[in-house]
Amino acid sequence: MTLLGQTIITGILIGGIYAVIAIGMTLIMGVMKIINLVHGALMMVAMYICLVLFKSFGVHPYLGMIPAMVILFAIGYLLQKYFIERVSGVETILPESQVLLTLAMALAITEIVRLIFSSDYQSAYTPFSAKCFYLGDMSISAPYLLSFGLAMVLVAGLHLFLTKTDLGRSIRATSQDRDAAIYMGVDAKRITNFTFGLGTALAAAGGALLLPVFYLFPDVWHPYLAKCFIITILGGMGSTVGALSGGLVLGIAETFGATYWSPGYRDVVGFVIFIFVLLFLPGGLKRIIGR
Amino acid sequence: MAKKNRFVPLILGGILVVAIPPFLGGYFQHVLILIMMWIIMATAWNLLGGYCGQVSFGHAVFFGLGAYGGGLLRLHWGLSPWWGMIVGPLLAVVIGIPIGLVTFRLRGAYFALAMLALGEAFRIVFTNWVPVTAGAVGIITSRTWGAEKLPYYYITLAIAALSIYVVYRLVHSKFGYYFVAIREDQDAAEGLGIPTTRYKLYALIPSAFFTGLAGAVYMNYFAYIEPHTVFNLSAVSIMMILAVMLGGAGTLWGPAFGAAIYTILSEALRAAIGPISYLVFPIIACLIIMFLPDGIIGDWEKIKRAFSRQKPVYVGGE
């Protein structure tokens, strides 16, 4: 029973952090209708920014999150405006040229980071990192809990932004029907650029939340990119609530796999869910939840 | 006349690749073997991706299975790794058919992602299923000819030639037209009565077979395999796509050309500028996608036009 509770708690806590990164992805995929493979690499860049701030200036990653988000917003905006935008709508034999472009960019960014920081594993260890408190026999790690709390704050803020502000509504309109949004006077190109920046900034936030509880190296993003897709497909494209529930489901499923099957197969659980959702629940949880 | 002309460069090229290698040093023979291996893989990927339009991000599955087919026989029963040349590609096809039946229900980018997920899942399973696959320790096989490289070269050359010939025959038959129809518009193809899933499978089977064969050759030549090299996403699955894109997807010689350039470039750059070469490659890929999206062979007309643009101006000026 303790093991079960422990598994669920750990799953929920890690799932909340996954959700922040995945919401960035789901926004971008919703508006652009393309698969963005550079997302994870940009998250990794944000983690390195936080790490440098921590090591050189002693800024805690939770505070370093803010400059990291601003910088990554700018990077995402510029990448979309000057690179990805150029490729969209070009007639090619291979239909997936945008996807391949984001992939090549991700590899290039990884190599740049590797040249600067080398492949060594690094971490931002604070005395706080090892703290935990107990609920009965179940332990709850303090940094995980705080990361989870901040993640929920971010998700709630984003949800308000998307539902209550004009800019947020324009993003949702573009995501639902691009042509109709253009007829209603939405500058779809500008919105796309902005969304790419916003999504990337959310990835940066997720990276900053991961840094205190995880280690960092240039290839760290591969599993997170995969998790983002799984959550996006599970939750449904462009849906914040879907991505949040998808994140929690994936987090719990993974920890269940790790506890009751084998830690090595943890990531396989996600891929199995991914393929089953693609086949049997196209549209994802969004369809069950409603909107 | 036209037909004759077409075969002349082919025969000349054939004589060159057969006659020259014995006079080269060991390193250049090694590079040629790598080129031929990548030609096999790029050509195989191109059949499914370039002609049939099913962009797979997980062809490392077939490469890895091809390599492990013989490796597992060696590990458990001590058989010669050459059995892998038969068992490996067959294993790739046998596993590839159910994979295809499941993933071909998905379209475009979702198919690509499902294949990517499968590739990673295979890598993880082969790393963790230690009793069967020996896990991350890998499998060591032995080389039949020791340090001698020439036999391996001729074997890979023969397979590369065979793969190009098979793709040529397929593409110039009913199958090829069906593949292109599926690539251009799947709904229209279905409307015209093409059983799309079945024809995608017909493209997948040779594609998986030759990728598996390349894996088996890899296992024989390098005599060591482990999950992280043969099921690698960026070094196998993605590089296959980039090699095809470099040369030109949906063309017969494009992938071979791209694979050759890719291998030579990566070897030369690694010797010349060291670790920065790993950065140069993705940047080249970005530039290719942005400016020559159909590859060097596919966009040849565009390249010619770009270089000859001044000429008409000169003529007009006089």
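**View 1. Helix 12 of chain B packs against helix 13 of chain B.** In this predicted model, helix 12 (residues 233-247) and helix 13 (residues 254-273) of chain B pack at an angle of about 110 degrees. Their axes are 7 Å apart. Helix 12 of chain B and helix 13 of chain B are therefore roughly perpendicular to each other, and helix 12 passes helix 13 in a right-handed crossing. To find the contact on helix 12 of chain B, look for B:L242, B:A243, B:V244, B:M245, B:L246 and B:G247. From helix 13 of chain B, they meet B:G254, B:P255, B:A256, B:F257, B:G258, B:A259, B:I261 and B:Y262. By class, the residues of this contact between helix 12 and helix 13 of chain B are eleven nonpolar, three polar and no charged.

**View 2. Chain A meets chain B.** Here 33 residues of chain A are in contact with 39 residues of chain B. On the chain A side, helix 3 (61-87), helix 4 (97-117), helix 9 (221-235) and helix 11 (266-280) each supply at least two residues. Helix 4 of chain A gives the largest share of that side, with twelve residues. Sorted by class, the side of chain A that touches chain B comes out at 25 nonpolar, four polar and four charged residues.

**View 3. Helix 1 of chain A crosses helix 9 of chain A.** The axes of helix 1 (residues 2-32) and helix 9 of chain A come within 8 Å and cross at roughly 65 degrees. Helix 1 of chain A passes helix 9 of chain A in a right-handed crossing. Helix 1 of chain A brings A:Y18, A:A19, A:I21, A:A22, A:M25, A:T26 and A:M29 to the contact. Helix 9 of chain A answers with A:Y224, A:K227, A:C228, A:I231, A:T232 and A:G235. The tally for this contact of helix 1 with helix 9 of chain A is nine nonpolar, three polar and one charged.

**View 4. The largest nonpolar core, with a look at B:I40.** This core holds 197 residues. Those that touch the most other members are A:A19, A:V20, A:A46, A:M47, A:C50 and B:I40. A:A19 also turns up in the contact of helix 1 with helix 9 of chain A. Around B:I40, setting aside neighbours within four places in sequence, the residues in contact are B:I159, B:A160, B:S163, B:F210, B:L213 and B:A214.

How values were computed:
Residues numbered from 1 in each chain as written. Chains lettered and ligands numbered in written order. Predicted model: local features only at pLDDT ≥ 70, side-chain atom pairs only at ≥ 80, totals over all residues. Axes fitted to C-alpha atoms, helices over the stretch in contact; angles between N-to-C directions. Helix = DSSP H or I, 4+ residues; strand = E, 2+ residues; numbered from the N terminus. Parallel < 35°, antiparallel > 145°, perpendicular 65-115°, else oblique. Left-handed = near helix turned anticlockwise from the far one by under 90°. Contact = placed C-beta atoms within 7 Å. Nonpolar A, V, L, I, M, F, W, Y, C, P; charged D, E, K, R; others polar. Core = buried A, V, L, I, M, F, W, Y, C linked by C-beta atoms within 7 Å. Buried ≥ 20, exposed ≤ 12 C-beta atoms within 10 Å, placed from the backbone.
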